[in-house]
Amino acid sequence: MSFQQNNPQNTLTRVLVILIAAVLLLIVLRLAGCIGGESDSADEVASAETSTEAQEASADVQASTGQSGENGQSDASSSPTSLSSSDGTEASGSQASATPADYANIDESALQNLLGKKVTKALMKKAQTNEDAAWIAANYQNYEQYGQDQQVKLLTLASRETQALAFVRNYTEIETEASAGCDTLRSGAMPELYQWDTRWAWVKYSEHCIGTSGCGVTALAMVYQGLTGDTSKSPYDLSVDSVENDYVHSGTDPDFYAFEAEKLGLTCEEVSVSSSNLKSALKKGSIVIINVGPGDFTTGGHYIVAYAVDGLGKLHVRDPYSAVNTAKTWDLDSVVGQAKRLFVFSK
């Protein structure tokens with residue numbers, strides 16, 4: 001009997017062929033989708049979870065910046081038009097974030113020629129979000145009929161005082177008709193009245209109207225109400241007395257104060273301008289009308305009311321032409337440095 005010896009090289013070749021065939025078979029089966037399904041499914045789930053997390057993170061970021069589109073979906077380009085109240089009902093919201101339509105009609109270069117860069121910049125900033133301010137800036141020529149000085153004064157007021165925008169937008173000058181008296185005054189409070197309050201602002205007074213020329217009578221109305229608590233005398237009521245008794249000369253004549261104080265049951269004493277006189281009067285409980293010249297309050301002449309000095313030595317005032325100035329406290333010596341006359345009122 002004879003035996004055939006195996007060739008190791010042939011054996012190795014057969015093994016390699018078998019391995020290659022097996023690998024090819026696995027590749028074909030995988031391409032056909034017969035194996036590996038569980039692994040693919042796990043990959044898809046992980047991918048879906050990652051996508052969901054990314055979407056939720058994006059929604060959280062946009063929600064924190066107030067960007068919300070329809071049906072609660074995140075939408076960076078949307079603009080909210082309503083707000084939800086605390087009880088879940090939908091409440092109408094302002095669209096202050098939207099640029100008013102009139103903004104596109106503003107001739108900024110023409111405004112700069114008339115008002116200068118600083119005032120124009122302030123007015124343009126208000127016009128970006130406030131419809132009244134945008135209309136005023138776009139229709140600045142409407143005020144030419146009152147003269148350029150008045151036109152500039154009105155536009156400057158609009159640039160500085162948000163509360164005065166309704167007065168400027170609807171500006172007119174009429175002979176009479178106004179609200180007599182004022183609102184109820186809180187006990188112990190110093191009244192805050194403005195000559196451009198639309199209850200009396202357009203009433204004809206001096207060269208124009210109370211809104212731009214009635215600081216003197218508005219200041220006196222605050223003094224009277226502050227000392228007596230009686231709100232029956234408004235700037236309009238006092239303007240009638242001023243006109244009827246011929247105390248109007250490019251604004252309110254300072255001599256009107258002594259005349260009207262007697263009628264109102266008050267005392268009025270003019271004292272020399274000094275920080276000590278002003279401080280002394282206020283500490284006694286008097287209220288002082290200060291006639292100021294060019295400076296922080298005016299470029300010409302103006303009346304403001306000083307009613308207190310606080311523990312830090314700061315002066316508290318009511319500026320009948322400016323809610324912005326009224327909200328501040330002032331260095332007493334600085335205000336006195338701008339003063340021309342001091343009128344001390346007592347009950």
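So, what covers the buried residues of H10? That cover includes strand S3 (204–205), helix H8 (210–213), helix H9 (215–228) and helix H11 (256–264). Buried here means under 20% relative accessible area, with a 1.4 Å probe and protein chains only. Helices (H or I, at least four residues) and strands (E, at least two) are DSSP runs, numbered from the N terminus.

Quick caveat: this is a predicted model, where local features need pLDDT of at least 70, side-chain atom pairs count only at pLDDT 80 or more, and totals for chains, interfaces and linings use all residues. Residues are numbered from 1 along each chain as its sequence is written, and side-chain values use heavy atoms, with hydrogens and water left out.

Back to H10, residues 235–244: seven of its 10 residues are buried, among them Pro 235, Tyr 236 and Asp 237. After H10 comes Asp 246, with a positive phi near 60 degrees.

Okay, cores. A nonpolar core is a set of buried Ala, Val, Leu, Ile, Met, Phe, Trp, Tyr and Cys residues joined through side-chain atoms within 4.5 Å. The largest one has 33 residues, and Phe 167 and Trp 196 are among those with the most contacts inside it. H5 gives the largest share of this core, five residues. Skipping neighbours within four places in sequence, Phe 167 is in contact (heavy atoms within 4.5 Å) with residues including Leu 154, Trp 196 and Cys 209. There's also a second, separate core of 31 residues, which includes Tyr 205 and Phe 345.

Zooming out, the protein has 14 helices and 10 strands, and 38% of its 347 residues count as buried.

Conventions:
Buried means under 20% relative accessible area, exposed over 50%, partly exposed in between (1.4 Å probe, protein chains only).
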